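Reader: Please walk me through the packing in this model. Keep it brisk.

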Amino acid sequence: MAEIVHQPKVLLVTGGAGFIGSHVVRRWVTRHPEVRVINLDALTYAGNLANLKDIEDAPNHRFVRMDIGDTDAVAQLLREEKVDTVMHLAAESHVDRSISGPMAFLETNIMGTASLLSACRTVWTEQGGFEGKRFHHVSTDEVYGSLGEEGFFTEDTAYDPRSPYSSSKAASDHIVRAWHHTYGLPIVLSNCSNNYGSFQFPEKLIPLFIRNAVQKKPLPVYGQGVNVRDWLWVEDHASALEVIITCGADGRTYNIGGENEWKNIDLIRLMCRQLDEKLDRSAGETEQLITYVQDRAGHDMRYAIDATRLREELGWRPSITFEEGLGKTIDWYLDNGDWLDEVTSGAYRDYYDNQYGNR
Ligand code: NAD
Ligand code: DAU
């Protein structure tokens with residue numbers, strides 16, 4: 001591993017009750033008992049304390065329900081806890097929701113990020129300056145736009161976001177860099193490809209399809225299923241974020257990806273085969289649930305990450321193969337029906353019914 005240049009003492013994780021955030025919080029709470037982890041989350045439909053049950057009583061973990069847009073409350077928390085490091089994951093994260101309701105994405109992802117940066121700048125300035133402080137902005141490969149059949153996104157690829165979600169994340173990336181260049185705030189930034197694993201809200205492709213398959217509901221494939229995504233095990237994303245926040249160079253951006261491209265329909269067929277085996281179904285039974293539906297508006301064709309910088313400068317590598325990770329993920333959802341019931345009760349059910357009807 002590369003040399004450590006920043007050692008967090010009090011780490012504030014925003015969005016720590018969400019999918020990736022809960023894995024990040026669990027990793028720091030369990031592997032770094034010397035680090036105090038403050039988990040700030042507004043608990044939107046996507047955030048759930050059920051994601052944190054195994055660590056809720058850990059002595060180095062404190063959960064705080066708060067909106068990142070509440071600058072004064074966040075500033076007070078930063079003072080009270082003497083936070084020296086922020087890892088910022090809180091966001092509206094689902095592309096389909098950004099198409100049906102963009103304003104929440106602009107509010108949280110753009111204004112919320114600016115508000116959080118302002119709170120950090122104010123409080124860290126009061127405390128004598130930015131020495132020993134670090135702000136890590138967690139972003140997405142979608143800011144780079146869409147690829148054709150060839151090529152990869154590098155850290156130098158020009159921004160070309162296309163959806164309300166990706167444009168709001170792109171704006172937040174620019175704002176974070178502006179706080180670095182203008183005010184000298186110490187930052188690192190990372191752009192990651194599609195994550196999969198446990199605790200992912202079942203509106204995203206993999207958990208939605210597992211849940212529908214179990215219930216023998218249709219599996220709604222957008223368009224022809226030919227779009228390509230580059231999939232990374234969520235725990236490997238969490239390990240990359242740790243390497244970047246502790247070893248990354250000030251002001252630098254790192255792409256994170258697993259070099260694991262899949263055409264949607266091939267991935268869906270692989271999932272169906274694994275589900276047939278795990279659910280004792282006859283071969284091909286789950287695949288019969290595949291239903292081609294209207295394509296996503298403005299659907300980006302292909303994402304693929306070049307993670308050379310992260311590998312060569314910081315020595316990070318993904319830990320498991322996709323087949324292994326997907327198998328573990330399916331097992332987790334099959335074993336955690338109670339979690340699925342809990343997180344899909346209430347607000348999400350209404351959204352899901354409106355969005356997908358009887359598909
Ligand atoms: P998620 O939707 O599962 O979780 C987001 C969390 O943020 C939730 O717990 C939610 O309650 C919280 N939140 C939302 N608005 C908030 C606000 N105003 N104040 C405080 N908390 C708020 O998202 P995720 O998939 O875990 O993604 C986490 C981050 O990683 C996001 O910034 C996303 O853009 C980025 N990212 C995600 C992926 C992916 O494949 N899921 C890939 C690359 C980057
Ligand atoms: O690339 C990183 C991004 O990956 C993150 O920044 C986003 O937060 C995250 O949601 C994810 O975005 P995608 O749009 O790629 O993920 P999603 O799981 O929604 O869709 C994956 C692919 O599957 C995409 O091509 C659309 C398709 N799809 C999705 C759903 C929900 C379907 O065909 N049917 C579906 O029902």
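Author: One term comes ahead of the details: buried means under 20% relative accessible area, exposed means over 50%, and partly exposed lies in between (1.4 Å probe, protein chains only). This is a predicted model, where local features need pLDDT of at least 70, side-chain atom pairs count only at pLDDT 80 or more, and totals for chains, interfaces and linings use all residues. Residues are numbered from 1 along each chain as its sequence is written, chains are lettered from A and ligands numbered from 1 in the order in which they are written, and side-chain values use heavy atoms, with hydrogens and water left out.

Reader: Is I290 buried or exposed?

Author: I290 sits in strand β12. Helices (H or I, at least four residues) and strands (E, at least two) are DSSP runs, numbered from the N terminus. The relative accessibility of I290 is 17%, so I290 counts as buried.

Reader: At what angle do α6 and α8 pack?

Author: Two packed helices are described by the angle between their axes and the distance between the axes. Axes are lines fitted to C-alpha atoms, for helices over the stretch in contact, and angles run from 0 to 180 degrees between N-to-C directions. For α6 and helix α8 (residues 264-278), the axes are 11 Å apart and the angle is about 40°.

Reader: Why are α6 and α8 called oblique to each other?

Author: Angles under 35 degrees count as roughly parallel, over 145 as roughly antiparallel, 65 to 115 as roughly perpendicular and the rest as oblique. The angle here is about 40°. Therefore α6 and α8 are oblique to each other.

Reader: How do the residues of the contact of α6 with α8 divide into nonpolar, polar and charged?

Author: From α6, L205, I206, F209, I210 and A213 meet N264, L267, I268, M271 and L275 of α8. Ala, Val, Leu, Ile, Met, Phe, Trp, Tyr, Cys and Pro count as nonpolar, Asp, Glu, Lys and Arg as charged, and the others, Gly among them, as polar. The contact divides into 9 nonpolar, 1 polar and no charged.

Reader: Is the crossing of α2 and α4 left-handed or right-handed?

Author: The axes of helix α2 (residues 71-81) and helix α4 (residues 103-126) come within 9 Å and cross at roughly 40°. That makes α2 oblique to α4. A crossing is left-handed if the near helix is turned anticlockwise from the far one by less than a right angle, and right-handed if clockwise. The crossing of α2 and α4 is right-handed.

Reader: Which residues of α2 and α4 make the contact, and how do they divide?

Author: The α2 side has T71, V74, A75, L78 and R79, and the α4 side has S115, L116, S118, A119, C120, T122, V123 and E126. The division is 7 nonpolar, 4 polar and 2 charged.

Reader: How many aromatic pairs does a search of the whole structure find?

Author: Rings of Phe, Tyr and Trp (its six-membered ring) pair if their centres lie within 6.5 Å; planes under 30 degrees apart count as stacked, over 60 as edge-to-face and the rest as tilted. The search of the whole structure finds 14.

Reader: How many residues apart are F153 and Y303?

Author: F153 and Y303 form a tilted pair, 6.3 Å centre to centre with 40° between the planes. F153 is in the loop between β5 (134-140) and α5 (164-183), and Y303 is in the loop between β12 (290-293) and α9 (308-314). Both are buried. They are 150 residues apart.

Reader: What parts does the pair of F199 and W332 tie together?

Author: F199 and W332 form a tilted pair, 4.7 Å centre to centre with 55° between the planes. The parts lie 133 residues apart in sequence: the loop between β7 (194-196) and α6 (205-214), which holds F199, and helix α10 (residues 322-335), which holds W332.

Reader: With which residues is H23 in contact, leaving aside its neighbours within four places in sequence?

Author: H23 lies in helix α1 (residues 19-31). At 6% relative accessibility, H23 counts as buried. Its contacts are S198, F199, V234, E235 and A238.

How values were computed: Contact = heavy atoms within 4.5 Å.
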